[in-house]
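I opened this notebook to record what I looked up in the structure, entry by entry. The sequence and the model come first.

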Amino acid sequence: MGSDRENGYGDLEKQMLVLHEHEEKHFMSSEIVRDVILGVSDGLTVPFALAAGLSGADVSSSIILIAGIAEVAAGAISMGLGGYLAAKSEEDHYKKELKREQDEIIAVPDIEAAEVAEILSQYGVEAHEYGPVVNALRRNPQAWLDFMMKFELGLDKPDPMRALQSAMTIAFSYVCGGLVPLLPYMLIPVATKAVLASVVVTIVALLIFGFAKGHFTGTQPFKSAFQTALIGAIASAAAYSIAKLFQSYH
């Protein structure tokens, strides 16, 4: 009997370890996918619209290329910095809430214990069942703190490298996306021809990217592909039309 119980506990510990590793990998991959989507989405759309607008102003491919590369560099830095600051803000918020929760566990332990009981009761745990859990957490302040952060506040401990990782991922993704609409201008010296090639290449890229985004985010891939391509097409058409309109007045 004792051996069976020990084996049961051993199997349970192994299952919990596997579950923890699975959740961590899934959580990190979802953050990376989100950063890639953010970077590529803006990288494809903004330089595309800029190049189309400049093409509408009848400037040369070399000028469009220089302006486009400058925009990609500036956009990658701006987007990367934005991702870094957003991740740092999340980290600072977690630290602030962690300190507050830590102080409350020390200052008003009975109230915090009652909050644990209330949280567990919301999951259908009866009083005679959550009582030992509350007492066990009170004997382990660190576990108690982790429990409150996760289940009361819904906050997971951020990865200390998350801010830098987010900045680099978004910036790199922006550059990769931004080079797609500019590629035709590198190969075709006549802007009026290059813009047509840029439209075709970028729309195809937007369709592929939208489909992949829909697949990874769990939405309808074909619908996502159509919406992504439509947004890019509208932005570029608007930029091109505005440039043509202003040019007609000068």
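In which helix is the place of serine 173? I found serine 173 in helix H6; helices are DSSP runs of H or I of at least four residues, strands are runs of E of at least two, and both are numbered from the N terminus.

**Basis.** I noted that this is a predicted model, in which local features need pLDDT of at least 70 and side-chain atom pairs count only at pLDDT 80 or more, while totals for chains, interfaces and linings use all residues. Residues are numbered from 1 along each chain as its sequence is written, and side-chain values use heavy atoms, with hydrogens and water left out.

**Overall make-up.** I counted 8 helices and 0 strands in the protein. Along the sequence the pattern reads α-α-α-α-α-α-α-α. Of the 250 residues, 32% count as buried; buried means under 20% relative accessible area, exposed over 50%, and partly exposed in between (1.4 Å probe, protein chains only). I then looked up contacts, meaning heavy atoms within 4.5 Å. Among those between residues at least 6 apart in sequence, 73% join residues at least 24 apart. The accessible surface of the protein is about 15300 Å², with 67% of it belonging to carbon and sulfur atoms; such areas come from the Shrake-Rupley method with a 1.4 Å probe, and for residues only the protein chains shown count as cover.

**Confidence.** I checked pLDDT, the predictor's confidence in each residue, from 0 to 100. The mean for the protein is 78, and 83% of its residues reach 70 or more.

Serine 173 counts as buried because its relative accessibility is 6%. Leaving aside neighbours within four places in sequence, I found serine 173 in contact with Asp35, Val36, Gly39 and Val40. Serine 173 and glycine 43 lie 130 residues apart in sequence, yet 7.2 Å apart in space, C-alpha to C-alpha. With residues up to four places away not counted, threonine 169 touches Ile32, Asp35 and Val36.

Is methionine 168 buried or exposed? Methionine 168, in helix H6, is exposed, because its relative accessible area is 55%. I found Met168 in a nonpolar surface patch with Leu81, Tyr84, Leu85, Met161 and Leu164, about 600 Å² of accessible area together. Patches are made of residues with over 30% relative accessible area and no salt bridge, with like charges joined within 9 Å and nonpolar side chains (Val, Leu, Ile, Met, Phe, Trp, Tyr) within 5 Å. A salt bridge is a side-chain nitrogen of Lys or Arg within 4 Å of a carboxyl oxygen of Asp or Glu. Helix H2 (61-107) and helix H6 (162-187) each supply at least two residues of the patch, and H2 gives the most, with 3 residues.

**Helix H5.** The 12 residues of H5 (residues 141-152) should span 16 Å at 1.5 Å a residue, and the end C-alpha atoms, 15 Å apart, agree with this; the expected span is 1.5 Å times one less than the number of residues. I listed the buried residues of H5 as Trp144, Leu145, Phe147, Met148 and Met149. Just after H5, glycine 154 takes a positive phi of about 70°.
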